[in-house]
Amino acid sequence: MINILIGTRAQLIKMAPVLLALERGGVSYRLVMSGQHHATMAELLHEFGVSTPAVHLYEGREITGVAQMARWFLHMLWRGWRQRERLFARAGRDAMVVHGDTVSTLLGALLGRVLGFEVVHIESGLTSGRWREPFPEELTRRLVFRLAHLAFCPGPWAAANMRPFTAEVIDTGANTIVDAVQEAMGRFEQAEVKAPDAPYAVVSLHRFENIFEAHRFAFIIAMLERMALRIPLVFVLHPATRRQAEKFDLLSRLEDNSNITLLPRMTYIPFLKLLCGARFVVSDGGSNQEELAWLGIPTLLMRGATERQDGLGEGVVVSNYEAEIITRFVDEVLAAPGERRAHARMPSPSAMIAKVLAERYQ
C-alpha cells in the first residue's frame, strides 16, 4: 500500500502531479497531512483537482518557530505511532512516501522505519554541501538520505550524491515541479491576480536564516528599497515574514514605500501567474528556483548557498548577501530585452514516479 505524508504547501504543490498521476492510473493511496502547514492546503488540493481525501495527523495552528517545531515533531512522532491504525494503510508491501527537506519529511521517514514500511524519498540527493545552509533543511535531507530505501532523484547530479547511501536510486530526469507548473499554467483562466500594469518584480522570502535574524533581514529590506527605486516590487508576504518584519520594526518601511506593493500569501495558481508576468524575482525558495529556471525568469536567490543546480550560470544568481552581486543582477536584468526562452519538453517525472510506486506497492 502507498502511504504519502505531506506537511507543507511547497511539498503539496510538487507532490500534486504525482497524486494526480496515481489517480489517473486508478492507483489507490493513503494521503496523510502532518499539519505542519494548514492554511490553504485544502484550497491547493482543490486547485489541482486531487480527489483522494486526506487524513490528518494534526490540525492545530501552523508550526513556524524552531523551538515550537522541535516540540511538535516529538509529539507527532508519538501520535503517529499511537494512531498508526487510523492514519496509515497496510496491504502487503507497504511504502511511506516523503518529499523534500522539511521536518515533516523526517517525521514521515522515521515513522515509516518504525512501522516497518519502505521509505520512499522524492526529490532526493539535493544538497548544498554545507550542513548549516540552509538550516535545518540540509540536516533533514542528510538524515532522510540514510533512512530511505528508494530515492527518486531529480537529475544525474542529485543521483550521484546518493552513491554513499544504501537507497536504491532512480533518476527522474527533472523535478516534479515541472509537472506542477504545467498543470497550473493550464488553469490560469481560473486565477485572478492584481499585478501592476507597468513592468514589475516579485519578492517572496520566508526562510529562517533570512527573517529570524534582524541584521540580515534589515539588509534585505535595504536592498529591496534600492530595487524599488528602479522598478515596482510586489512583495508576497508569508505570515511568518510579516510577523518578523513587524517584530524588527521593518514592516512600516515596506508599507510606506509607494513602489512596493504588499500582497498576502496566495495559493499556487495565482502566485505562478504573478511570477510569469514579472521582469525578475527575488526569492529564497528552492521550489521557486526550480520553477523560475524552467520558465526562464531571471531569479535572485537571497541565500548564501543552494542545494539545487537549476538555472545556476544562466538566469539564477545566488546573492551571497553581497550588495555588489545584487546590484549587478538588477543592472543586467533591466538592461536586457526581457525575452523568455521556450520551455524544454521532457518526459513527466511525476508519471515515472507514479508508475514505479504502482508496480511495487499496489
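Me: In which helix is Lys14 found?

Reply: This is a predicted model, so local features need pLDDT of at least 70, side-chain atom pairs count only at pLDDT 80 or more, and totals for chains, interfaces and linings use all residues. Residues are numbered from 1 along each chain as its sequence is written, and side-chain values use heavy atoms, without hydrogens and water. Helices (H or I, at least four residues) and strands (E, at least two) are DSSP runs numbered from the N terminus. Lys14 belongs to residues 9–24, helix H1.

Me: Is Lys14 buried or exposed?

Reply: Buried means under 20% relative accessible area, exposed over 50%, and partly exposed in between (1.4 Å probe, protein chains only). Lys14 has 2% relative accessibility, so Lys14 counts as buried.

Me: With which side chain does the side chain of Lys14 make a polar contact?

Reply: A polar contact is a pair of N or O atoms within 3.5 Å; within protein, one must be able to donate a hydrogen and the other to accept it, and sequence-adjacent residues count only if both atoms are side-chain atoms. The Lys14 side chain has such a partner at 2.9 Å. The partner is the side chain of Ser287.

Me: How far apart are the end C-alpha atoms of helix H16?

Reply: Helix H16 covers residues 349–361. The expected span is 1.5 Å times one less than the number of residues. For the 13 residues of H16 that gives 18 Å, and the ends agree: they are 18 Å apart.

Me: Which residue caps the N-terminal end of H16?

Reply: Several residues of H16 are buried, including Pro349, Ser350 and Tyr361. The backbone nitrogen of Ser350 lies 3.3 Å from a side-chain oxygen of the cap. That oxygen belongs to Ser348.

Me: How many aromatic pairs does a search of the whole structure find?

Reply: Rings of Phe, Tyr and Trp (its six-membered ring) pair if their centres lie within 6.5 Å; planes under 30 degrees apart are stacked, over 60 edge-to-face, the rest tilted. The search finds six.

Me: How many residues apart in sequence are the parts that Phe88 and Phe117 tie together?

Reply: Phe88 and Phe117 pair edge-to-face, 6.5 Å centre to centre with 85 degrees between the planes. Phe88 is buried at 5% relative accessible area, and Phe117 is buried at 3%. Phe88 lies in the loop between helix H4 (84–87) and strand S4 (95–99), and Phe117 in the loop between helix H5 (103–115) and strand S5 (118–122), so the parts tied together are apart by 29 residues.

Me: Which residue forms an aromatic pair with Phe208?

Reply: This pair is edge-to-face, at 5.2 Å and 90 degrees. The partner is Phe212.
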